[in-house]
Amino acid sequence: MRFSPLAPLLLGTLFAALPALAADAPALDSGPGPQLRDGSLMLIPAPARVQRGTGAGITVRADTPLLADGEAAQRVAAQFADLLARSGGPRLAAAREGAVANTGSIQFQIVPTFRDSGESYTLESNAQGVRVQAGNETGLFYGATTLAQLATGGSNGVLPAVQISDEPRFSWRGFMLDSARHFQSLDEIKRVLDAMAAHKLNTFHWHLTDDQGWRMEIKRYPKLTSVGSCRLPAGDGGIDPVSGKQYPYCGYYTQDQIREVIAYAAKLHIQVIPEIDVPGHATAAIAAYPELGSISTPLQPISEWGVFPNLFNTEDSTVQFLENVLEEVIALFPARYVHVGGDEAVKDQWIASARVQQRMRQLGIKDEMAMQSHIIKRLETFLEDHDRRLIGWDEILEGGLPPQATVMSWRGTEGGLAAASAGHDVIMSPVTHLYLDYLQTASPNEPPGRPAQVNLAKLYAFEPVPAELAADKRGHILGLQANMFTEHTRSYARLQHNLFPRLAAVAETGWSPVAQRDFRDFLARLPAQLQRYRAWGLAYAQTPFQVAVGQTDNRAANTVTVSLSNPLGYEVRYRTDGKPVTAQSPLYTTPLTEKLPASVQAAAFYQGQMLAAAPTVVDYSAQSLLSRRSQQLLSCVGEKGLVLRLEDDGPREGERAVFNVDIFQPCWRWADAQLAGISGIDVRAGRIPYYFQLAHDEPARKFEKATRANGEMRIRRGDCSGPVLAEVPLPEKPDADGFVTLHATLPAGITGTDDLCINFTGDTRPAMWVLDEATLR
């Protein structure tokens, strides 16, 4: 389908509740909005210990002397100068070696007798100058990032008088990026690494293989990239608009490019952990080498999303293939850990395969989960023999955990709790709190994403160490990791939106002591970080800093009542007279009732600074109150359905229309529709590819039976399973623009206020009808 010029939509109803966390979160202040604690500095993450001095320190200017002794300290000083300039500060001259510190200078020192040789540092600032010390280059680097923050973000280079003694709470402070479903350029990867380092994150987990693409060159198996790195996007996204021919989506990293990324990350004190997913998420590899699969049907890399049945088979030759791949992985990646996936491996093909069942009997393996465990244990042995350690998603607990394996707990914290209790190392990464492909606000400006919300407050509240974990096992919690799967993230701009500012909250949870974590204080420090983001040219999400607008309309009185709020509790100021909203505009306190037509513009502020790039502007008229976009409609079946926020399939590049769709049952509910004087409803409907595979969730799909060849649109009142008020046949296909407007006539004399339910009948896969806008008439 082609692009609709209408505005983007909002994810409405969520699907079934996600598992609750086992961990107790630190208490957050119950009061709304930001509030800076006494003694806080505009730093993220908050340091472990801060002692404020009297007066101010020096003012960092372009002529401020920069001193450093030794090659390592010189490197850090150069990185500090670069970060300072990129963050909006002055460009300092290169560091001088061997110079004696004098009044007004900044000095970086590595001290062999420093109290700790890990990631800790000290920073002392006073009117005489600044001294940053650490036991090694890593600690000194983190001290430099702290100093760069002190000198930017609105401080105008004026440093406080302060002593900071700082170190991280956790050794693993990670971020996972999925480059398999959508591919990022080397430059984009490096920009992500820069931002990670500035937040003191130290682990980049690189998801390089999946059903949709194999993104890493393996010289022994060239088809993994010549075949496995290309997929054909669904619908118009897979067509060249000029030639009309198929236009595949391709991309992979050569081994030289991977070395370049690893070297770049190492300079930023970030380890790179590769992930080669087995035995599931294997479609791209099997498409390249069919003998690796469990079925004889030819496969190709998939441009659908969800959970797929294609597994590597259980033959010795396939395990040998995986070991050969890992051998090249190990030669490239110096990190101690290698991630082997292990998640979402639906066993239907193994169950149906006579050869797999025979193989299990030969090995004396009781079931398919134990068969997966057998393969994972073999890979662990291989990695141990090569001085590496295996990590897997928490499914590797099922069927027996390899003795030295590290568990990444994603389906909640329960798997991590079980693994740590058994003496295994754990990284906490629960889908409930740390998945950044989930929407972060309820704004209509959110891009497509998964059907849950991980807002900043929820993410910040996550506590990685479960309260019920025994004290002598808590050291097995290595840290936490945020994950970014990229089904819906086809551009770098969208990636930045999803990551920031949420990675700032991840950084604080991973670095700062529990006692230093205070969400209201974090919100007070966040605007300074936003200034640094803007200086970096980082396109962070605007939605948390925009104003959410709600409405209650009264058509009989020709009025609309408007409510305003900011998702993070920052103050909201507004205008209704068409003049620009400023920090001096009226402060919003109660809903506004306006005669139609009306225009409301509003913005969130902190200490006089507008936080979003532009104010929110909403116009109301008698006609606009008769229409609802899909973001304003609900699912007819509530949590029994699966509402996703999806985009159109075309154009190949650029903006696309966005829809809320219940892929289990295509129905929408207009709550409390005012029906007096209404004779009909017009529905603008579109048609997009149905690109989902959900394995054992397939029976949950409920398509209402169609009575016509192409199905129909049905309108009901009140209960969405009630009597039909109106029915309109669906066309065989939409109009040339990809949409069609359907006109339904309602019974004469209809009155009152009630829900209206709109449903498309029939299972029309491989495509589906979607609602774009509904208008009463």
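Gln349 counts as buried because its relative accessibility is 10%; buried here means under 20% relative accessible area, exposed over 50%, and partly exposed in between, with a 1.4 Å probe and protein chains only. Before I continue, please note that this is a predicted model, in which local features need pLDDT of at least 70, side-chain atom pairs count only at pLDDT 80 or more, and totals for chains, interfaces and linings use all residues. Residues are numbered from 1 along each chain as its sequence is written, and side-chain values use heavy atoms, with hydrogens and water left out.

Gln349 is found in helix H8, residues 348-352. Helices (H or I, at least four residues) and strands (E, at least two) are DSSP runs, numbered from the N terminus. Leaving aside neighbours within four places in sequence, Gln349 is in contact (heavy atoms within 4.5 Å) with Ser294, Ile295, Pro309, Asn310 and Leu311. Ile295 is 54 residues apart from Gln349 along the chain, yet their C-alpha atoms are separated by 7.0 Å.

I turn next to Asp425. This residue lies in the loop between helix H11 (414-421) and strand S18 (426-428). Asp425 also counts as buried, because its relative accessibility is 14%. Which side chain makes a polar contact with the side chain of Asp425? That partner is His476, at 2.9 Å. A polar contact is a pair of N or O atoms within 3.5 Å; within protein, one must be able to donate a hydrogen and the other to accept it, and residues adjacent in sequence count only if both atoms are side-chain atoms. Not counting residues up to four places away in sequence, Asp425 touches Arg389, Ala405, Thr406, Val407, His476 and Leu478.

Six of the eight residues of H14 (residues 492-499) are buried, so the helix is largely enclosed by the rest of the structure. The buried residues are Arg494, Leu495, Gln496, His497, Asn498 and Leu499. Their cover includes strands S7 (172-178), S21 (477-484) and S30 (643-647), together with helices H3 (186-198) and H15 (502-511).

Finally, the protein as a whole. It has 16 helices and 39 strands. Buried residues make up 59% of its 777 residues. Of the contacts in the protein with a separation of 6 or more, 74% come from residues 24 or more positions apart. The C-alpha atoms fill a box of roughly 90 × 80 × 55 Å, taken along the principal axes.
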